[in-house]
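Good morning, and thank you for coming. Please look at the chain that I am about to show.

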Amino acid sequence: MPTTDIAPAWLRHVATDLELQLPTDVRDEWTARLRDLFEELPDTGGLFAVHVWQAETVLPLLAEAAQEREAAVFEAPGDLHRAAARGRTPDQDTWRTALTPMLLHLYDAAYDRAGAYSEAHAGARDYALANGFPAAEADGYGHDYAQLSSDANARACAEAHAQALGPALARAYASDGCEAYAETFPAAQLRAVVRVMTERGDPVPATRLAEGLISALATSRP
């Protein structure tokens with residue numbers, strides 16, 4: 001059974017994305033382990049494995065990749081995921097309050113600043129050259145514009161994701177709903193996590209996340 005045949009939808013989406021990102025030398029073995037494990041899983045319909053994966057793998061890895069002063073944003077969501085895994089699901093407002101700072105950090109850190117800076121610099125420099133600026137001044141203008149625009153765009157991107165995802169994730173977690181969680185595009189969230197970990201120097205982020213998912217699913221076995 002390939003990962004595309006796995007249900008529920010959230011697990012299918014996440015597993016398919018992880019499979020594509022894994023190094024080729026471990027991909028087939030991991031997929032086979034996931035397939036074997038999935039055949040043993042009870043059909044609980046809840047998000048127990050998601051809470052375990054987030055609390056024990058995803059959030060600790062993000063905290064590890066963060067600067068010391070930034071790591072605190074992962075503490076409250078981690079506490080809530082652990083509580084939910086023990087059957088004490090927090091309410092929607094509590095989830096949203098805890099998730100918002102974490103999402104702001106995640107999507108700010110995941111923003112492709114280097115690519116955005118390069119594109120903005122080139123566009124502003126070319127504009128300045130076309131309007132008669134000397135080359136050195138045009139290059140300086142390009143750097144000034146790129147600095148301002150890339151920082152502003154990173155903040156806007158982070159705020160947009162937090163405003164869209166925060167309420168949706170809070171509803172899904174508070175209701176323990178697999179379908180609601182699938183509608184938050186968990187595979188896209190996973191890609192943001194991988195980008196942050198890669199940017200902070202982790203050589204095998206997908207492998208560590210994939211192993212954590214296997215471990216979280218294993219705790220769901222009867």
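Predicted model: local features only at pLDDT ≥ 70, side-chain atom pairs only at ≥ 80, totals over all residues.

By about how many helical turns are R33 and E29 separated in helix α2? These two residues stand four apart in helix α2 (residues 24-40), which means a separation of about one helical turn. Helices here are DSSP runs of H or I with at least four residues, numbered from the N terminus.

Residues are numbered from 1 along each chain as its sequence is written, and side-chain values use heavy atoms, with hydrogens and water left out.

The side chains of R33 and E29 form a salt bridge at 3.6 Å, N to O. By that term I mean a side-chain nitrogen of Lys or Arg within 4 Å of a carboxyl oxygen of Asp or Glu. R33 also forms a salt bridge with E211, at 2.8 Å, N to O. E211 lies in helix α10 (residues 205-218) and R33 in helix α2, so this pair ties together parts that are 178 residues apart in sequence.

The structure holds nine salt bridges. Another of them joins D17 and R191, at 2.5 Å, N to O. D17 belongs to helix α1 (residues 9-21) and R191 to helix α9 (residues 186-199), 174 residues apart. Is D17 buried or exposed? D17 is buried, at 11% relative accessible area, whereas R191 is partly exposed, at 42%. Buried means under 20%, exposed over 50%, and partly exposed in between, using a 1.4 Å probe and protein chains only.
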